[in-house]
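Biologist: Could you put the model up and take me through the sheet and the salt bridges?

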Amino acid sequence: MRVMVVWAVSTLTMLALAGILPDFRLQSDDGDSFSRTAYTAGWGAGAFGLLSALVWPLLVRALLLVPTLVISVLVFFLNGSLLLIALWLIPDGRGVANPETAVVVAAVMSAVASATSTALAVGDDNAYRRRLWRLADRRRRKAGAYGGQHSESAGTVFIQLDGLGHRVLSEALADGVMPNIAGWLGERPTHRLTPWRTDWSSQTGASQLGILHGTNFDLPAFRWYEKETGRIMVSNRPASAAELQRRAIERTGRGGLLTVDGASRGNLFSGGADQLALVLSIAARRGKANRSRAGYFAYFSDPANAVRTAVSFAAEVCREISQSTRARLRKERPRVGRGGLYPFIRAFATVVERDVVVAAVMGDMLAGRTAVYANLLGYDEVAHHSGPHSRDAARVLHRLDRSVGLIARVAEHAPRTYRIVLLSDHGQSPGETFESAYGLTLKDLVRAGCGLTVPRGAERSRSGAEARLAARHAVRAVLNRPVAEGEEESPAPGREPVVLASGNLGLVSFPDVPGRMSREEIDRRHPALLRTLAGHPGIGFLLVRSEEHGSVVLGPGGAEIPLAELDDSGPLADMGSGAADAVRRTDTFPHVADIMVNSMYDPATGRVHAFEGQIGSHGGLGGEQSRPFLLSPLAFPDPVPGDGELVGAERVHEVLAGWLREGAGPQVPLGPSATVPRPAATEDKLRPV
């Protein structure tokens, strides 16, 4: 069908050119009817297309030794020659053109046919796969060899489906939403599905830093306030990501999971990889090879890719507008605003970021790299605004399944065997926002408890969705405007509390009090604050430091439990197994907030209340957000042999690193003389000494 459409468009193009160009004729000297002229154009267009398909591959091989500059000029004359032959083949000699005109006609027809074929192949994964394979093969040949090491051993590709919880994945597999992945767990399974449990901070920054760099110590939330510097750290801002990566490398003494012939694609952190694209921790760096924009330019340098992505982007914007309008007309609840720039932000996450990352991963496999870690954040973005169990999110999962299937099929052409591991960094818990449920934000409630004025107009909560800042930094990268090192939030100095939201986890800090403020100090300054927060129906529990009992957990009804006596009962009864251990671990962080606030969780409905504008949220304890998954090949050892449980991102790092050591040798640690640069010059990988 595509061939027929391209043929028809080429015929119309030839007719149009015959009417425009004086030296190009498709009629006999006596003139012909329109139908006869159209027949002649169809014959000529078909002959030209057939000659181009059959003869061009032979001409390309014959011209391999010709200098590139000569080929670029010669190609037009050769194309014109093919058109003259095609016109000569038309019966009765009705096609006539001067050689100079033939060059112009051939160039226009080739461009139109190529654009038409590309537009028609937008949804054809097989055509897309073949094109990317050819592009990667050309780059490999230009480089002279495969880029990977140890090609006799298997490589590993880790694909992170951002925000996809174990329960949602299981339901999607059972409902036929993700058939490619379901096939891995079918009658003859090749993979095993394992749930794992996040730390208290169930969000990408904490999980991915732990997975890629082996530690997420002192990362209490998605955003937090550091008193000694007076700035707010935000996990998905380039300067913060670079500093977090530097701290992790300094703490572990290792470069990361991907230090041996690795590639990092679409992640917050590099993992120590040499090959980087769309990695946020290096977005502020200058240098052609290591800039985030390199990933975009490598992809969009192919016009066919640009057309495919542009058409899909426009379709996704229209899809979001249609879906949000339908939800508004049906008065669906819960619901958050989806206007403004959001349709374009969603399209960036579900189309642009996906296409660029998937193409980079396929290129890595065809280059034979040993380890690749890539993040696809489309589902997470849509689930934040439509809900983790919504039909909108399910459609995104179906398209991500197609991308995973595409990667698996490309692996068949790779120079080495690849084992594909799927995993997520956290899940999402549904529920209306705290502001929607109670008419005020967490900041309003804190101010009221402190006896401060509460603004009449509710202040809009800032969303922590990764796609929003990722899209912003993508634009800045393409425009060659790196993010400045100090481009972070700094609250105005004073006695007023700094209140930050990370999903359903809130952090309250008093910037004028050095160190961690104690419960007794808080009670002396604001006697009603802790009582107001702990007694609110939308809040599950608080964590504060006590001078008398050490740190304590405060809950509804005046509950007060010293951390040493805390277990998974009382205020944490519904938060899931291991909640007490997660709270105790976070309490040891130097930058834990003066007051840590976790929202309520209803086990009957699975809902929480996000302190920002999301109806699918993550960041704290409660429900599916703390239960991501690991889908690994049976060829790898079981990540949790026996009846154990996989707990924490650091433990996941150990499992993945063990699998890599089995397949490609040990990761190379940093030598004792290696220096760790400051954030402004954070290296994407510290070279082993």
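Predicted model: local features only at pLDDT ≥ 70, side-chain atom pairs only at ≥ 80, totals over all residues.

Biologist: In what order do the eight strands of the open sheet run?

Modeller: The order is 8-7-9-3-10-21-4-22, and the pairing is mixed. Strand 8 (275-277) and strand 22 (646-647) are at the edges with a single partner strand each, so one side of each has no neighbour in the sheet.

Biologist: And how do strand 4 and strand 21 pair?

Modeller: Strand 4 (residues 191-197) and strand 21 (residues 629-633) are antiparallel, joined over five bridges, and His191 has Pro633 of strand 21 as its bridge partner.

Biologist: Switching to salt bridges, how many are found in the whole structure?

Modeller: The search finds 31, a salt bridge being a side-chain nitrogen of Lys or Arg within 4 Å of a carboxyl oxygen of Asp or Glu. One of them joins the side chains of Lys227 and Asp594, at 2.9 Å from N to O. Lys227 is in the loop between strand 5 (223-226) and strand 6 (231-234), and Asp594 is in the loop between helix 20 (579-587) and strand 17 (595-599), so the pair ties together parts 367 residues apart in sequence.

Biologist: Is Asp594 buried or exposed?

Modeller: Asp594 counts as buried, at 1% relative accessibility, whereas Lys227 is partly exposed at 21%; buried means under 20% relative accessible area, exposed over 50%, and partly exposed in between (1.4 Å probe, protein chains only).

Biologist: Which residue forms a salt bridge with Arg399?

Modeller: That is Glu316, with the closest N and O atoms 3.2 Å apart. Arg399 lies in helix 14 and Glu316 in helix 11 (residues 303-329), so this pair ties together parts that are 83 residues apart in sequence. Arg399 is buried, with a relative accessible area of 17%, and Glu316 is buried at 1%. Both belong to a network of salt bridges that also links Arg319, Glu320, Arg326, Arg338, Arg346 and Asp392.

Note on methods. Residues numbered from 1 in each chain as written. Heavy atoms only, no water. Pairing = 2+ DSSP bridges. Helix = DSSP H or I, 4+ residues; strand = E, 2+ residues; numbered from the N terminus.
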